[in-house]
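Please look through the sequence and the structure shown here before reading on.

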Amino acid sequence: MELSRVSAKEYKNSFEAVFHVFNTVEFSELNSDKCESLHYLLFIDKKVRLGVVLGERENMLLSPFSAPFGGFTFVKSNTRLEYLEKAVKLLEDYASKTGFLIRISLPPSIYAPSFIAKEIGIFERSRFGVQHIDLNYQFETRDFFSYEECIDRSARKNLHNSFKQGFLFEKLNSECVTDVERVYDVIRVNRESKGYPLRMSLQNVLNTIKIIKADFFILTHNGKDVAAAQVFHVAADVVQVIYWGDIPGYTELRAMNYLSYKVFEYYATSKIRLIDIGPSSENGIPNYGLCEFKENIGCSVSLKYTFSL
């Protein structure tokens, strides 16, 4: 097997499909201003077997450099273990020759369980070390049809209370800037009130949804926007909640219990298998409040590994 650094065009043409959007050329190029240069690498054994996109920044090569996760792109999901083994060794050699450090965050294990398990096993046995392991939360849509059995008594009570509040749930038009802005404004107020960073500007969102399918949901109460969700379609049968939240003053009405229930309901009636709610830890350190909230609304946990060399 050999490693070849190629152009964006050649990299794109090497894969009929990419199993998650954060590894696509389109997404990488859109965010290329967040790194000094892009390294499109192919791993070739008679034909292309694997690929990886690395963003160069401050003497590091990062996958992802501007996304929740990256990792290898495969031609076939049942890629042979030996190809992955050789690819990781070539990546180690690439780091040695170029003088870069490398950090790779894999998707949560539930995305492509067999392939990601192989990645984890090989990285762990390589010169790469585990930098941290994050707790990632997701809701499997098959569980919606027995939803109240999946949540505990207090969560059911909160959900039933939310049903009495007169909330109106709507899916907005992702092609309408005004609709996107409505959702963004609710998220902005939510993040500011909690002291959390909002890493995507409105323009970032508008640019991103030109290349990623996105859904925007709003919850109103007496005509006022009180909660919202921004969701990206990140794999064939997986969506990811990029942002969601309510504005101050509506927590006691259980706006988020109602919003999450309606979002789960919406995707349970589609072909979506998994709703990725995202990590509730940072650099491996859990946020207990976020963990508890996500578990209370019926989410399960998977692991998200970050390796560094």
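A residue is called buried when its relative accessible area is under 20%, exposed when it is over 50%, and partly exposed in between, with a 1.4 Å probe and protein chains only. The model is a predicted one, in which local features need pLDDT of at least 70 and side-chain atom pairs count only at pLDDT 80 or more, while totals for chains, interfaces and linings use all residues. Residues are numbered from 1 along each chain as its sequence is written, and side-chain values use heavy atoms, with hydrogens and water left out.

In soluble globular proteins, nonpolar side chains tend to be buried together. A nonpolar core is here a set of buried Ala, Val, Leu, Ile, Met, Phe, Trp, Tyr and Cys residues joined through side-chain atoms within 4.5 Å. The largest such core has 91 residues, and Phe-72, Leu-91 and Phe-264 are the ones that touch the most other members. Helix H9 (residues 255–268) gives this core its largest share, nine residues; helices (H or I, at least four residues) and strands (E, at least two) are DSSP runs, numbered from the N terminus. Another core, of twelve residues, lies apart from it and includes Leu-42, Val-53, Leu-62 and Phe-65.

Strand E9 (residues 214–221) is largely enclosed by the rest of the structure, because eight of its eight residues are buried. Ala-214, Phe-216, Ile-218 and Thr-220 point one way from E9, whereas Asp-215, Phe-217, Leu-219 and His-221 point the other way, and all are buried. Two strands are said to pair if DSSP finds at least two bridges between them. Strand E8 (residues 168–171) runs antiparallel to E9 and is joined to it by four bridges, with Ile-218 in E9 as the bridge partner of Glu-170. E9 also pairs with strand E10 (residues 224–235) in the antiparallel sense, over eight bridges, and here Leu-219 stands opposite Ala-227 in E10. The hairpin of E9 and E10 has two residues between the strands, and in this hairpin Asn-222 takes a positive phi near 55°.

Rings of Phe, Tyr and Trp (its six-membered ring) pair if their centres lie within 6.5 Å, and planes under 30 degrees apart count as stacked, over 60 as edge-to-face and the rest as tilted. The structure holds 29 aromatic pairs. Phe-19 and Phe-74 form a stacked pair, because their ring centres are 4.8 Å apart and their planes stand at 20°. Phe-19 lies in the loop between helix H1 (8–13) and helix H2 (25–30) and Phe-74 in strand E5 (residues 73–74), so the pair ties together parts that are 55 residues apart in sequence. Both Phe-19 and Phe-74 are buried. The pair of Phe-123 and Phe-128 is edge-to-face, with 5.0 Å from centre to centre and 80° between the planes.

Charged side chains complete the tour. A salt bridge is a side-chain nitrogen of Lys or Arg within 4 Å of a carboxyl oxygen of Asp or Glu, and by this rule the count comes to 13. In one of them, Glu-26 meets Lys-12, with the closest N and O atoms 2.8 Å apart; Glu-26 in helix H2 and Lys-12 in helix H1 are 14 residues apart. Glu-85 and Arg-125 form another salt bridge (3.0 Å, N to O), which links helix H3 (residues 81–98) to helix H4 (residues 113–125). At 33% relative accessibility Glu-85 counts as partly exposed, whereas Arg-125, at 51%, counts as exposed.
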